[in-house]
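Hi everyone, thanks for coming. Let's look at one structure together, and I'll walk you through the parts I'd like you to find on the screen.

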Amino acid sequence: MATGGDYAATMDDVDVVPACELSSHGCVHHRVRVLDAAQGFIREHNAEAEGVVGGVALPDSYRPTRVQLLGERGKVQAAWTAADDGDAKRAGTHDATVSPVSAAITRFGDLTYVAAEALSGDTVVLLPVGALEPHGPHAPLATDTLISLAVCDRALRMLGSREPAHAVVLPPVGYGVTHLSDAFAGSVSISAGVLQSLLSDICHSLERQGMRRRIIVNSHFEPEHVNALRAAAEETDTTLFDVTRRRLAERLTDEFRSGAAHAGRYETSILLATHPELVDGVAMGMLPSLPVDMPSHIAAGSPSFEAMGMHRAYCGSPAEASAAEGEATLDTLGTMLVELIHSVRQST
Ligand SMILES: [Zn+2]
């Protein structure tokens, strides 16, 4: 599914849905137009009467490169284009690169103000939150931010081509409270109060625009950080996707549940699935397992990674990480976030 820019898809039919619930929802004037590489016209079809979904079936020999959703008087509307899940993998079809008219559907920062204005009040706005702190000698400082974004992207992909208007992703907040790793280079912390104020301001601003359904998606678990998120969520009536809650944590991997959830097998696997170029595979492979129950240490007053025995800013078993495990974990996290998106949409 498209989350931005061109993407390769294998398809022999094209489904198009508006990027957002247009003010002309219900209008019958939408048409789907498919163009080839030279912007030549291939085929056009009326969208369904709802004006929500349009599809064009193409013979295998056509190679669509551009798809437009036309509104009244032929004006191009923002559109989301994707093959059905099954189509993308169907054997015997051809590859085609499709450039949606506006692929920037799911990134809030890519919308025009006109598109933002047209977002339905039912749209769920996701706010990814991470941190900038050491993640072992093998993984990037922004690991937690990258994971939060990846979880949002996975959830949106799972929502599928029929529901792209149901959620959008804000630019991430890439700074958090990282005092446990203060002694390491690259640890850039903000105070809990600043974090809480920042998130509250963002949520209040969205609220004023009628975006009442909001989820903070967090992947950094230092207690002071999580507490600031909980406080911001509570004071702004925003939902927090909090995988440290037992109900969610028990669906995650053994290592995560053991409390050794920093730059170990769990986080490194997600990175191998999403950003393998950012993982130093040689360094990763040489790291011995280091089981550390971080929550217990923190509860007992441990003030730093080093006091917990994490002298290289990791715990757990990064050497055992794999992209396959990362994919599986992302599927689990994405499923949990989709469940939360649906429940937030149903709340009044
Ligand atoms: Zn992390």
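Here's a question to start: how many of the six residues of strand S10 (residues 124-129) are buried? The answer is six of six, so to speak a mostly covered strand. Do keep in mind that this is a predicted model.

Let's stay with S10 for a moment. Val124, Leu126 and Pro128 point one way from this strand, while Val125, Leu127 and Val129 point the other way, and all are buried.

Now, who are the neighbours? With strand S11 (residues 167-169), S10 pairs in the parallel sense over three bridges.

Next, the core. The largest nonpolar core has 77 residues, and those touching the most other members are Leu126, Ile216 and Val217. Helix H3 (residues 143-159) gives the most to this core: nine residues.

Let's zoom in on isoleucine 216. Leaving out residues up to four places away in sequence, isoleucine 216 touches Leu127, Val129, Leu199, Leu229, Ala233, Thr238, Leu240 and Phe241.

Finally, let's step back to the whole chain. The protein chain has 11 helices and 13 strands. Of its 348 residues, 47% are buried. And among contacts with a separation of 6 or more, 77% link residues 24 or more positions apart.

Conventions
Residues numbered from 1 in each chain as written. Predicted model: local features only at pLDDT ≥ 70, side-chain atom pairs only at ≥ 80, totals over all residues. Core = buried A, V, L, I, M, F, W, Y, C linked by C-beta atoms within 7 Å. Buried ≥ 20, exposed ≤ 12 C-beta atoms within 10 Å, placed from the backbone. Helix = DSSP H or I, 4+ residues; strand = E, 2+ residues; numbered from the N terminus. Contact = placed C-beta atoms within 7 Å. Pairing = 2+ DSSP bridges.
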